[in-house]
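Let's take a friendly tour of the charged side chains in a protein model. Keep the 3D view open as you read.

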Amino acid sequence: TPDVAALVKKLSPAIDELDARVRLPLVDVALPALAAMSPSQYRQFIQAFQTLAAADGQLDLFEWVLSQIVVRHLRPHFENARPAPAGRLPLARLSAPCAVVLSAVAYAGNSDQRAQQAFAAAASQLSGLGLKLVLREATNLTELRRALSAIAQASPQAQGDLVDACAASISADGHATIEEVELLRGVSDLLDCPMPPLLVNQH
């Protein structure tokens, strides 16, 4: 609506000045208010969200994470979508997509050397899978989404183990980049797993 557009324009400069580290906390603060929308407001919100995300012709990491949060937390309030049946596959059957996801987390905001260390920490959590770090270009958002789609076929326990391995990757050096944290949130929400605590310094 015109009023909402005017309010967004007014708040935009202040939002642009915010530290990137507060983006996810702000999203979480906004979720209860968004869940209180009417069905018609929700439809308008989703349409506007999709339009904004597609405005530059590409979906960046934070936009993807935000889409996962919206889907997980708002769709059940407004849509009669049935939850997908739980998968049953062990991670041993999904080693290739697991390597893509863990590599993406390892590379997020890190140099190649640090990514290798982070990946090694994650792989040690899933011993027996023979996981190897894939090339950085093989962890783009398209490949990541494809890998996560495959991992959705894993059992809930296996998905949780993968999310925990992602957390181990981030915690390996005692510091968490903004990209790592946001990516972990997106992976956790897409797989409908609790996000593990990260006892690290964020930068």
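## A word on exposure

A residue is called buried when its relative accessible area is under 20%, exposed when it is over 50%, and partly exposed in between. Keep in mind that the model you are looking at is predicted.

## Asp112 and Arg136

Start with Arg136, which has 34% relative accessibility and so counts as partly exposed. Its salt-bridge partner is Asp112, with N and O 2.6 Å apart. The two sit 24 residues apart: Asp112 belongs to helix 6 (residues 112–125), while Arg136 is in the loop between helix 6 and helix 7 (141–151). Asp112 is partly exposed too, at 44% relative accessibility.

## Arg185 and Asp28

Now find Arg185, whose salt bridge with Asp28 brings the closest N and O atoms to 2.8 Å. Is Arg185 buried or exposed? Its relative accessibility is 8%, so Arg185 counts as buried. Asp28, at 32%, is partly exposed.

## Asp192 and Arg72

Next, look for the salt bridge between Asp192 and Arg72, at 2.7 Å from N to O. Because Asp192 lies in the loop between helix 9 and strand 2 (201–202) and Arg72 in helix 4 (residues 61–78), the pair ties together parts 120 residues apart in sequence. Asp192 is exposed, with a relative accessible area of 52%, and Arg72 is partly exposed at 27%.

## The wider picture

Some of these residues belong to a network of salt bridges, which links Asp28, Arg72, Arg185, Asp189 and Asp192. The structure holds ten salt bridges.

Conventions: Residues numbered from 1 in each chain as written. Predicted model: local features only at pLDDT ≥ 70, side-chain atom pairs only at ≥ 80, totals over all residues. Heavy atoms only, no water. Salt bridge = Lys/Arg side-chain N within 4 Å of Asp/Glu carboxyl O. Buried < 20%, exposed > 50% of the residue type's maximum accessible area, 1.4 Å probe, protein only. Helix = DSSP H or I, 4+ residues; strand = E, 2+ residues; numbered from the N terminus.
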